[in-house]
Amino acid sequence: LSVKYVDRIGYRKSAVIAHALAFLGLVMQGTLPNVLPAPYVGLVLATIVNGVGGGLIEVIISPIVDSCPGDAKASAMSLLHSFYCWGQVGVVLITTLLLRLIGEDLWFIIPILWSLLPLYNLFRFLKVPLMPTVPEEEKTPLKTLFTSKIFLVALLLMLCAGASELAMSQWSSLFAERALGVTKVIGDLLGPCLFAVFMGIGRTIYGVWGEKIHLTGAMVFCAALCILCYLGTALFENPWLSLLSCALCGFSVSLMWPGTFSLTSAAYPKGGTAMFGILAVLGDVGCSVGPALMGAVSGAVSGNANIAASFPNLTADQFGLKSGMLFSAVFPASILIGVLLLTRFHKSANKKPNPKADLSEDREKVQRKSLAFEFARDKLLHFCQIATKQNLRMQTSKQFASCTLSILRPVSAHMLLCSAT
């Protein structure tokens, strides 16, 4: 929907509609299960409405920030996405605290309280100054994007970025519970919450000091670190070291999503909301496919008694989870390859000769030289006119030469300067 309509109706209307749907979905989540005869149906309807609003917010906020004036766009994008992490941490901690205070029987109050946040943003977006969307005649066509190697690699990066992030994040709570034998609440705090903290730290660091850090090099480092984190989580026998690798994985995936946005936007600054929307769709697909594939591998391994019996120190569930983590290392490995390919394509694109640009450059040189000679001619004519009017009589050839050089010296300097440039 955002690919087709956001650029037509503008950022402001899209942001207001998105936050209105998010607000309505959270209110429905707290009311419909208590009103409808089938509570599950109420939760499904509320989740659909909330999901549409959240999806629109995810798509439009990135191009809004990217359209803001400034040179440090990659840093701004990373700082923007860091608040996703801090929001996740806040939701986990505050919701856990509220459940302890009001009790699980009054859980439906919590989503209604959270609905006040998108309601506040809705009114703020009614007045906040926003840049206009990219005009239709200036926007890069989708056909051009889908025939570009850079954009196709960016789609692969987004797919693997979502898979790398959610495969670890969604399974980290269960991993903490099974590996350490802790409760669900402690598992959420040690798993997804700690993962989000490290991811927020990584994005905040680049958001503050990103101008001094090379984005492509940082993404290569993060992809390599992510591979090590997945391997460490799967291969460490000490459960606390595995959990530390799980948390550090949050730091390693911090730049993958916003970094891909920034690299693609730099290659296609007129891509518009459609470009960001397609990238976000592939990222969301990765968020679904990554955990699903990891769960499928874990289930297949844990259900095989012969394989599980080969590792008597681990239960079948623990061995299955570690096997899934080991398999999921293919996602950051694909990102590492993709970033290297993207760098190569960028260099080859910059090296391609542009005949039109060369022709315009030659024309500019000819124009500069023509102006230099016109300037010299005007000065010489002016000198001759002055000499004629005032009847300059030079008593010696030395005086005449000195006078001529004093006038022609700046003319020659100007001609040489223009010819050199």
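Student: Leaving aside neighbours within four places in sequence, which residues is L159 in contact with?
Tutor: Contact means heavy atoms within 4.5 Å. With neighbours up to four places away in sequence set aside, the contacts of L159 are L282, V285 and G286.

Student: What kind of model is this?
Tutor: Residues are numbered from 1 along each chain as its sequence is written, and side-chain values use heavy atoms, with hydrogens and water left out. Local features need pLDDT of at least 70, side-chain atom pairs count only at pLDDT 80 or more, and totals for chains, interfaces and linings use all residues, for the model is predicted.

Student: How many helices and strands does the protein chain have?
Tutor: Helices (H or I, at least four residues) and strands (E, at least two) are DSSP runs, numbered from the N terminus. The count for the protein chain is 18 helices and zero strands.

Student: Is L159 buried, partly exposed or exposed?
Tutor: L159 sits in helix α8. Buried means under 20% relative accessible area, exposed over 50%, and partly exposed lies in between (1.4 Å probe, protein chains only). L159 has 28% relative accessibility, so L159 is partly exposed.

Student: How far apart are the C-alpha atoms of L159 and C287?
Tutor: Along the chain, L159 and C287 are 128 residues apart.

Student: Why does F331 count as buried?
Tutor: F331 belongs to helix α16, residues 330-351. Its contacts, not counting residues up to four places away in sequence, are C160, A163, S164, G290 and L293. F331 counts as buried because its relative accessibility is 8%.

Student: Which residues touch the most other members of the largest nonpolar core?
Tutor: A nonpolar core is a set of buried Ala, Val, Leu, Ile, Met, Phe, Trp, Tyr and Cys residues joined through side-chain atoms within 4.5 Å. The largest one has 53 residues, and those touching the most other members are F151, Y230, C249, F261, L279 and I335.

Student: At what angle do α4 and α12 pack?
Tutor: Helix α4 covers residues 73-102, and helix α12 covers residues 256-267. Axes are lines fitted to C-alpha atoms, for helices over the stretch in contact, and angles run from 0 to 180 degrees between N-to-C directions. The axes are 9 Å apart, and the angle is about 150°.

Student: Which residues make this contact?
Tutor: From α4 come K73, A74, M77, S78 and H81. From α12 come W257, P258, F261 and S262.

Student: Is the crossing of α3 and α4 left-handed or right-handed?
Tutor: The axes of α3 (residues 39-66) and α4 come within 9 Å and cross at roughly 145°. A crossing is left-handed if the near helix is turned anticlockwise from the far one by less than a right angle, and right-handed if clockwise. The crossing of α3 and α4 is right-handed.

Student: What is the relative accessible area of S78?
Tutor: S78 lies in helix α4. Setting aside neighbours within four places in sequence, S78 is in contact with R203, Y206, G207, L255 and P258. S78 is buried, and its relative accessible area is 1%.
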